[in-house]
Amino acid sequence: MALTLYVDTARWRAHHQSVLQQFPGLVPVCKGNGYGFGHERLADEAARLGSDILAVGTTYEAARIKDFFSGDLLVLTPFRHGEEPVPLPDRAIRSVSSVEGVGGLVGARVVIEVMSSMKRHGVTPEDLPKLATAIEDVRLEGFAIHLPLDRTDGSDAVEEVIGWMDRLRAARLPLHTMFVSHLKAEELARLQQQFPQTRFRARIGTRLWLGDHEATEYRGSVLDVTRVAKGERFGYRQQKAASDGYLVVVAGGTSHGVGLESPKALHGVMPRAKGVARAGLATVNRNLAPYVWSGKQRWFAEPPHMQVSILFVPSDAPAPQVGEELVAHLRHTTTQFDRIVDR
């Protein structure tokens, strides 16, 4: 009995090809938990796409993935002086976001990140005069810019990249390759047309692996079903059942990421109102579970356990049977499955 990730493999891979057609020369990203699929699986899929390079989050991830992918490995987290050294092959490329960082990687292959409107990290326009000398001691693979997802001020992503291209060109820095993130296909095409001597490579993770929501589905196996009467106590905290119904024990708990949720950026009145409502229900121990049964998303009977969750199904709904599977709406980037099934 398991929490299973089912993959419609043909559909999933067809989506990969459609993204590749829109973004020629894309750099697949495999970081964190491998977008829910695992590092080994995504490394294999990247090789299947014919990619010569795979982007990873950290040096530790690069050290694990190097045995599964034979191409170059681009480490996205910038180098910092004093970081723990991790043995990596020469095909590893380090990101740097400061002149000092470039100076600490003599002889290494590097990509220099520029400061975008994200304001997360990157070299600034004031740093550019110093870079011309610093890059003489490294093997420069290109520059990179990581752009925001939303532009609430109405600004243009392409214009932001053009601004940096002009600055780099004015500083007489090499512009053979520019790695970009969070651009639309038509935006990338505009840039490539304006700067034909530069190769633009889109680093893509979510859109590539998770862009077709119908290609994957999580399901949790029902392990036990117990009838309870209104007022009857149950669970670790011995709460009382609010009404007659069933306690349904289903595979998937905190160790799988069930019950874990990232904070959301809410826009508009209705999403904010729903957020307030959910918070209010949580104060009286009413938390909606990700599992669906009989056409409805069900409630946790109590907080999820380490490997299972207990749901409450009211008596007006049919009771699931042990061995059945419940669809679970889970976030791929925070979920660990027990098994993956291609179909």
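Author: The model is predicted, with local features needing pLDDT of at least 70 and side-chain atom pairs 80 or more, while totals for chains, interfaces and linings use all residues. Numbering starts from 1 along each chain as its sequence is written, and side-chain values use heavy atoms, leaving out hydrogens and water.

Reader: Which element gives the largest share of the lining of the second largest pocket?

Author: A pocket is an open set of points on a 1 Å grid over the protein atoms alone, with protein on both sides within 12 Å along at least five of seven lines; lining residues have an atom within 4 Å of a point. This one has a volume (space filled by probe spheres set on the points, which are joined across faces, edges and corners) of about 840 Å³, and 32 residues line it, with H146, L149, S181, H182 and T206 nearest its centre. At least two lining residues each come from β8 (177-181), β9 (199-204) and α8 (206-210). The largest share, three residues, belongs to β9.

Reader: How much space lies in the largest cavity?

Author: In a cavity, a 1.4 Å probe fits but cannot get out, and the whole structure has one of 30 Å³ or more. Residues E113, V114, S116, M118, K119, R120, H121 and H146 line the largest cavity. Its space is about 50 Å³.

Technical notes: Helices (H or I, at least four residues) and strands (E, at least two) are DSSP runs, numbered from the N terminus.
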